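I set out to record, entry by entry, what I looked up in this structure.

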Amino acid sequence: MRRTAIALFLALCAAAIFSLHAGLTFYSPHTVFAALMGGEGADALIVTTLRLPRTAIGVVCGASLGLSGLLMQSVTRNPLAEPGLLGVNAGGALFVTFGVTVFGVASLAGIGIAAVLGALAATALVFSISASTGGAGNPATTLLAGFTVAALLASFTQTLLLIDETALETLLFWLSGSFSDRPIGLLQLGLPLLVVGAIGSFFLATPLDVLRLDDASARSVGVNVGVVRLAALGLAALLAAGAVAMAGPVLFLGLVAPHLARRLTDGVLPSTRQLIVLSLLMGALIAVLADILARIIVAPGEAPMSAVLALVGVPMLIHLLHRRKGLAA
Amino acid sequence: MAGVSPLVRLLPVMLIVFVLTLAATGIGSSFMPPERVVAALAGQGSRMDEVIVWTLRLPRVALAILAGAALALAGALLQRVVRNPMASPSVLGITDGAAVGVVLFLWLFSDQANNLTVSIHWQPLAAIAGAAVFGTLVIALASLDRGGSKPLKIILYGIALAALAKAAVTLLIILGPVYRASQALTWLTGSVGAAHWQDVLAVGLALAAVMPVLLLQRLTIRQLVLDPQSAAVTGLSLDRAQVCLLAVAVFLTAIATAHVGAIGFVGLVAPHVARIFHGQFRSGYLVSVALTGSFLVLAADTLARIIAPPLELPAGALTALVGAPLFLYLLVKGRQSHA
């Protein structure tokens, strides 16, 4: 497991460094190094103000979504669970759309804040609904409530956008989700959330291990199932909210990264602690790779993130599914 | 309520769908009061009313009812076969497969001037082919992959292929000309606005064709709720039953998607609403699922016509607006177990 983690980390570093070089024009290592050391000129400007931010945001977003997905899947014991099912993306999108159409919000920082507020409000709504149906005790209810709330909010957003076409044009770049052209200042929002989420989930790792048993068994060894579940879902929501504020709704990543991480482990049953590390690294790696591909695949244009994520993630998923046989997730 | 016959339990839903049908036939750019609708239906109305009702409104209403029923049934079957309450036609790549079929069709058979070189009536066939290819691919990949639990494999491969199909659609739309993109996008949201009697006939025939299979398999569908061992003990041949029902679900989704586009949410939520409302172990559960699906799509389409006139929104954008509050209400009120 340690070897896998180190290999993943090295791959991530390599991808991040390559990400500074690749794009419409490929730079030599010498140019990139000079730019990072405070060089001047157009090339240095492109590296430090365009490629560096998108790489950094890609890493933080990917790691956040990977960990968020892992928490969602382990808490609900459902392999279909993903951050979007907490209503995070839908809530963020609705608040942003509302902000743009009604209050005329235009700056990216404003959009980011609206997204975080919307994400957290939607999650709170999902939690309160699932609590009033008998509570965090039943993960299936949380998922169904989350899916329904997400669909409802998405329907509002779609109707708003169908009626107001100019808003659709301003928002299309945000709604399609991407790491490019985001101000690096957004990291001040996303990075603390990622740190809080990562530390918090390390504290929850042991009870989450126990929670893999059924609820009754977990209770009998002294785990407060309801509290652990709520705490983990809360962390998952914070992580995903940070990601949606930085990059817009990025789908698929939070779903796939934990599955890939799970299949990279050698042990028959990896501990949650191991999975946390691997999901963080895996999410970041996929995000950076997809971002590089998005610049190249339909150059000089930018391919949409969701499409590229699928192109990167699906072959990896199918390959790993076939490699490790006899092990259910 | 335990002793009440299933027919009595179904009666309220039937009544709601019936009333909604009358209302939906009356509502539109020219409003028609119910008595004129009934008169036109009975062939006693004015000539104008009869034309509006029979050639414009009724095909649309009928298509909404049938497509809703087909999508809801497909969802219920998938949730049973895959043993996951979150399974639905769109999760498993079938809807997106149909979308790939349609976008490819628009891409391949358009000439330089953006005119279709073949009749538009082939479009449903392209959708069905796409759905069938992706459905078969999911099943084949899952059965080639020995070990692990089968339902889980089906889900994972389904999600993977759905994502791949979505990516393919996005890239095809970007790389293709704008005209085709907007055409494809309209279809992808899902709408019953352009309904003809041919569409109604096609979806109706498909539903009629799967009816005998569902009747024969109705015990199996109930046994599938059990865990695999218990189901096997009750004499169920799991693999055969699963593949058969999966094929039915793919078929229903393909036909419905081909004629109304990718209307989401119905397949996921209708089975749950019916379960809370009717009970999933009572006879008539599937009928209740189908009626709920009909209600959702019909209500969404009716709302789509009145929400922002003269603009008509696609019904696919509004199914959640109708279904979500209803389902959340039932969820909170029901306080049942939903595992």
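**Notebook: contacts, helices and core**

I began with chain A, where residues 24 or more positions apart account for 78% of the contacts with a separation of 6 or more. Two residues are in contact if their C-beta atoms, placed from the backbone, lie within 7 Å. I noted that this is a predicted model, in which local features need pLDDT of at least 70, side-chain atom pairs count only at pLDDT 80 or more, and totals for chains, interfaces and linings use all residues. Residues are numbered from 1 along each chain as its sequence is written, while chains are lettered from A and ligands numbered from 1 in the order in which they are written.

**Chain A**

I counted the elements next and found 13 helices and 0 strands in chain A. Helices (H or I, at least four residues) and strands (E, at least two) are DSSP runs, numbered from the N terminus. I then looked up the radius of gyration of chain A: it is 20 Å, close to the 20 Å that the globule rule gives for 329 residues, so the chain is as compact as a globular protein of that length. The radius is taken over C-alpha atoms, and the rule is 2.2 Å times the number of residues to the power 0.38. The C-alpha trace of chain A spans about 65 × 50 × 35 Å along its principal axes. I recorded 53% of the 329 residues of chain A as buried (20 or more other C-beta atoms within 10 Å of the residue's own, with C-beta atoms placed from the backbone).

**Chain B**

I found 14 helices and 0 strands in chain B. Of its 339 residues, 52% are buried. For contacts with a separation of 6 or more, residues 24 or more positions apart supply 76% in chain B.

**The core**

Which residues touch the most other members of the largest nonpolar core? I listed Ala240(A), Ala241(A), Ala67(B), Ala70(B), Leu73(B) and Leu252(B), in a core of 223 residues. H3(B) gives the most to this core, with 21 residues. A nonpolar core is a set of buried Ala, Val, Leu, Ile, Met, Phe, Trp, Tyr and Cys residues joined through C-beta atoms within 7 Å.

Definitions and conventions. A residue is buried if 20 or more other C-beta atoms lie within 10 Å of its own, exposed if 12 or fewer, and partly exposed in between; C-beta atoms are placed from the backbone.
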